[in-house]
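Student: I have a two-chain model open and would like to go through it with you, a few places at a time. Could we start with a loop residue and then look at how the chains meet?

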Amino acid sequence: MTRRDTLERLFPSGWQDDAVFDNGFAGTGMCDGESIRYIGVENATEVGVDQALAMARLVLDTVKQHARRAILFLLDTQGQRLRKRDELLGLNGYMAHLAKCVELARANNHPILSLVYGEAVSGGYLATGMMADACYALSDAQIQVMNLPSMARITKIPLGHLEQLSEHSPVFSPGVANYAQMGHLQEIWDGELAAKLKHALMRVREARPADQRMALGQQRGGRCVAYEVVQRVEHAA
Amino acid sequence: MRKGYYEASARDRIRGVIDPGSWGEFIPPTERITSPHLPLLDQPVAFDDGIVVGAGRLNGKDVLIAAQEGRFLGGAVGEVHGAKLVGLIERALKIRPSAVILLLDSGGVRLHEANAGLIAVSEIMRAILHARVQGVKFVGVIGGSCGCFGGMGLVARCCDVLLMSEEGRLGMSGPEVIETVRGVEEFDSRDRALVWRVTGGKHRYLIGEVDMLVDDDVAQFRAAIARAIEAPADFSLEGLEREHDMLARRWSRFADANDARDIWAGLGMPDVTRMALMSTEEFTRAAENVRERP
């Protein structure tokens, strides 16, 4: 889905862009009478230092100018920008800075949500959508670390073997259903997005949940050991 | 006697960093907590899943410490590996150590458990930042043979203080990944001098990505970590604004830089052609008035 269609469906009572950057956008949408700050990237862009910096600025300004306003990340990215120049400048530092700004917003009572409406791949997703209080994706969206052929090449495991395993395990292969089963996605969205957004906001505002993705992954049977390992380290004698 | 940090194992590094006799490991290898995913791929497992976590003391101060083992799948993060680190951070929230020390040595997400690894890295980042808001201090350390790449490059920069040796490497996409996708003209991963100029400790120190540069010696790492623990913790809007200014300045000045040497010269570093040859001490002295910092 295009970002315009996504915004129309999320905010049927109105939305307005007020900032643009390279393959990125930000604005305000109305959800049940409440203003929501949306910040996103589009066209399956690679997220580089300039875009990470722009998003960090937008988050910091939201904290300074709009107390407690919810922030919604809208994502369509094929990953971090794979260029020598971006590495030279320290892309990891820019991405981490963005993640820190999101945490500051959370600490200042801004609910943080994210929605993958296109693609989300590894580094382009980590510092934005994956830092949210609750993460969502549209049913026709795509989330992945790497496609199976590339994974087969790098790990030197036959592609057929990986394909066969991915039928039973959510761990290897791309797909929003896998990320839901592993507890990362709170929910997969389609249909009435505005109602779902309203509900998601209410949920975060009420519970202000800590990161519950491991427990959710355990419940859904997609990540069966992480939760227990955390408990054992946390409570080891 | 000098003992190299670069080549040392995770357990040797921990032994060299904390006070003798103070170590206690959580879910040690004897408990056999291994990856459930690797056997499906006919891959060998490690009884610690490539990361050692535990508690100790440093100059008498209580610390929690984690060390990634680069010799096992390049220190890459899988489900168990990541959960051990998250568990250590959760524990820090309860016991409030002087610091959590992360000895990082990792290529990033373990591709054999791709989705679990990526989610785990995001959970580590969230846990660290949440704990920082609560006042827990994190010291990141980079100086191992796998460097610190992928999501772990972000984790490193989520710490309060970051230490690195000249031989350490820090980045997001490794040079091999960029070369594979964009071609050798974009990044020749076999050009060791180029890789060093882009990812190495001296460059990262000069541009303000790391706070301390350390000689490749376990005892010197210990001394530097002890100093880092004393640094004041800060996670504030003002602190992030300062960091933002530094990053914005770097982007506006060096967006067109083609080589690290352009940046070094632009910052006013004298004698950039000799930089690789300088000792850590000589280099940090020369860099003192020109290096960027938040």
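**Loops, helices and contacts**

Student: How many C-beta neighbours does B:Arg96 have inside 10 Å?
Tutor: B:Arg96 has 14 of them inside 10 Å and therefore counts as partly exposed; a residue is called buried with 20 or more other C-beta atoms within 10 Å of its own, exposed with 12 or fewer, and partly exposed in between, the C-beta atoms being placed from the backbone. Please keep in mind that this is a predicted model, in which local features need pLDDT of at least 70 and side-chain atom pairs count only at pLDDT 80 or more, whereas totals for chains, interfaces and linings use all residues. Residues are numbered from 1 along each chain as its sequence is written, and chains are lettered from A and ligands numbered from 1 in the order in which they are written.

Student: OK, and where is B:Arg96 found?
Tutor: B:Arg96 sits in the loop between helix H2 and strand S4 (99–104) of chain B, where helices (H or I, at least four residues) and strands (E, at least two) are DSSP runs numbered from the N terminus. Its phi is positive, about 50 degrees, although B:Arg96 is not a glycine.

Student: Switching topic, how many residues of chain B are in contact with chain A?
Tutor: There are 67 residues of chain B in contact with 63 residues of chain A, two residues being in contact if their C-beta atoms, placed from the backbone, lie within 7 Å. On the chain B side, helix H3(B) gives the largest share, 14 residues, and the elements that give two or more residues also include helix H2 (79–95) and H9 of chain B.

Student: What about the classes on that side of chain B?
Tutor: The side of chain B that touches chain A divides into 40 nonpolar, 12 polar and 15 charged residues. Here Ala, Val, Leu, Ile, Met, Phe, Trp, Tyr, Cys and Pro count as nonpolar, Asp, Glu, Lys and Arg as charged, and the others, Gly among them, as polar.

Student: You mentioned H9, so at what angle do H4 of chain A and H9 of chain B pack?
Tutor: Helix H4 (residues 91–107) of chain A and helix H9 (residues 237–254) of chain B pack at about 155 degrees with their axes 11 Å apart; the axes are lines fitted to C-alpha atoms over the stretch in contact, and angles run from 0 to 180 degrees between N-to-C directions. H4(A) and H9(B) are therefore roughly antiparallel, the word for angles over 145 degrees, while those under 35 are roughly parallel, 65 to 115 roughly perpendicular and the rest oblique.

Student: Which residues make that contact?
Tutor: Among them are A:His97, A:Cys101 and A:Leu104 of H4(A), together with B:Leu240, B:Glu243 and B:His244 of H9(B). By class, the contact of H4(A) with H9(B) has six nonpolar, three polar and two charged residues.

Student: And how do the axes of H2(A) and H9(B) cross?
Tutor: The axes of helix H2 (residues 49–65) of chain A and H9(B) come within 11 Å and cross at roughly 150 degrees, which makes H2(A) roughly antiparallel to H9(B). The contact includes A:Leu53, A:Arg57 and A:Leu60 of H2(A) and B:Leu240, B:His244 and B:Trp251 of H9(B), and its residues divide into 10 nonpolar, one polar and three charged.

Student: Last one, what does B:Ala231 touch?
Tutor: Not counting residues up to four places away in sequence, B:Ala231 touches B:Asp160 and B:Val161. The C-alpha atoms of B:Ala231 and B:Asp160 are separated by 8.6 Å, with the two residues 71 residues apart along the chain, and B:Ala231 itself lies in the loop between helix H8 (218–230) and H9 of chain B.
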